[in-house]
Amino acid sequence: MTIEEDLEYGFTKCNSQVLPRFCQFETGTSCNVKPNCFMCPHSKMGRSGSAKWSTLIKVIEEIVPYTDSCSPFLMQEPLLEPRLIPLLNDIRYTSPSTTISLYTNMALMTEEMAEAILETRAVGGISVSFYGPTEELYNKWQPSLDWEQTKENIRRFKRMRDATGRKRPRIDLHYLCVKELMYWWPEFYTEWQPHVDRVCITPFDTFHGNIPDMGFHEFFNLFQDKPTEKSKNLIKYLDDPEKRAPCKRLWNTMSILFNGDIVPCCIDYKGEMPMGNINKENAKLIWHNDKFNDLRRLHLERRFDEIPLCKDCTVWQYTGDYKWQKKWTE
């Protein structure tokens, strides 16, 4: 196949000929963790602000109706957003078939906030970042938050949801795969399994080399004796540049910053590679413009070292799509 045929193959494979099936967008950049979580580059962003309502409406009207799922979250804590409830209602009204996901540390999930979110019936899933097997470790990884209060917030939310008789939002508790946390994994899983729908391990991200790797490979080292099929497939790609495939996110995800800039992916937390701005252009045109397609071609030609944003990125190692990896490398 030619590069142009490969380019079109990506759109066809991801069903993104018009727009991608997933989008994530910032409503702002505020976070309640100070200075920031131990594994987060929030303090290094060099940008801050809140999206204009007109920008959010453009995202909701131009992009969301084409998606299967969306997340009003990027480099922020969504529960700090004062417009969250009307925003959720607008998304549900505009595109009822789109699943909304929230990513939150749950420290601000008061009873009143939980009730308001549940009343919208708009949220399909809540992914909780909670790295607190002990209070000491919680204070290290998510400083300035209240360990006991956050635990109660998580448990209370599930109790309130269950009282409605519904299964949504699904509650996933994310646990970071770094060595010192994985040591506590068995106890953590046993403690939390009754209080959420799923307790799952999430890979450590270096944000394209801006944060030292603190444990992704440790995850596989710890579980080598009993690997899953998914980990067996992924292990073969680790530390092997020849196995690196074009990043699927360039074909299946749109990331929008609060100022309207559309960036290649969420790893561009500084907004260094804007592909266009939704306040100035239609999202469909940006998705297929020369700048975006030239970046995709560089990936297809495996010229990753020529792209500062992608050169040291490790996302490709844990995206988990074995068939996509195999297509380009075998």
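Colleague: Which loop holds Ser144, and what is its phi?
Modeller: This is a predicted model. Ser144 sits in the loop that runs between helix H5 (135–141) and H6. Ser144 is a residue other than glycine, yet its phi is positive, near 80°.

Colleague: Where is Asn15, and what is its phi?
Modeller: Asn15 is in the loop between H1 and E1. Its relative accessible area is 44%, so Asn15 counts as partly exposed. Most residues other than glycine have a negative phi. For Asn15 the value is positive, near 55°.

Colleague: Which peptide bond is cis?
Modeller: Look at the loop between helix H6 (147–163) and strand E5 (170–176), where Pro169 lies. Most peptide bonds are trans. Omega is near 0° for the bond from Arg168 to Pro169.

Colleague: Which residues of helix H15 are buried, and where on the helix do they lie?
Modeller: H15 covers residues 322–329, and its buried residues are Trp324, Gln325, Trp328 and Thr329. Viewed down the axis of H15, these buried residues fall within an arc of 110°, so they line one face of the helix.

Colleague: What covers the buried residues of H15?
Modeller: The cover includes several helices. Among them are helix H1 (3–14), helix H11 (249–252) and helix H13 (290–300).

Colleague: How are H1 and H15 oriented to each other, roughly parallel or roughly antiparallel?
Modeller: Their axes are 13 Å apart, and the packing angle is about 165°. On the H1 side the contact is made by Asp6, Tyr9, Gly10, Lys13 and Cys14, and on the H15 side by Trp324, Lys327 and Trp328. The crossing is right-handed. Angles over 145 degrees count as roughly antiparallel, and H1 and H15 are therefore roughly antiparallel.

Colleague: How many disulfides are there in the whole structure?
Modeller: A disulfide here needs two cysteine sulfur atoms within 2.5 Å. A search of the whole structure finds zero.

Colleague: What is the nearest cysteine sulfur to that of Cys247?
Modeller: Cys247 is in no disulfide. Its relative accessibility is 14%, so Cys247 counts as buried. The nearest cysteine sulfur is 6.0 Å away and belongs to Cys265.

Colleague: Which elements do the buried residues of H2 pack against?
Modeller: Helix H2 spans residues 53–62, and its buried residues are Thr55, Leu56, Val59, Ile60 and Glu62. These pack against strand E1 (22–25), helix H3 (84–94), strand E7 (253–256) and helix H12 (283–287).

Colleague: What distance separates the C-alpha atoms of Glu272 and Leu309?
Modeller: Glu272 is in the loop between strand E8 (261–263) and strand E9 (276–277). At 47% relative accessibility, Glu272 counts as partly exposed. Glu272 and Leu309 are 37 residues apart along the chain, and their C-alpha atoms are separated by 8.0 Å.

Colleague: What share of contacts between residues at least 6 apart in sequence joins residues at least 24 apart?
Modeller: The protein has 15 helices and nine strands. Of its 330 residues, 53% count as buried. For contacts between residues at least 6 apart in sequence, the share joining residues at least 24 apart is 74%.

Key. Residues numbered from 1 in each chain as written. Predicted model: local features only at pLDDT ≥ 70, side-chain atom pairs only at ≥ 80, totals over all residues. Heavy atoms only, no water. Buried < 20%, exposed > 50% of the residue type's maximum accessible area, 1.4 Å probe, protein only. Helix = DSSP H or I, 4+ residues; strand = E, 2+ residues; numbered from the N terminus. Arc of directions from axis to C-beta. Contact = heavy atoms within 4.5 Å. Axes fitted to C-alpha atoms, helices over the stretch in contact; angles between N-to-C directions. Parallel < 35°, antiparallel > 145°, perpendicular 65-115°, else oblique. Left-handed = near helix turned anticlockwise from the far one by under 90°.
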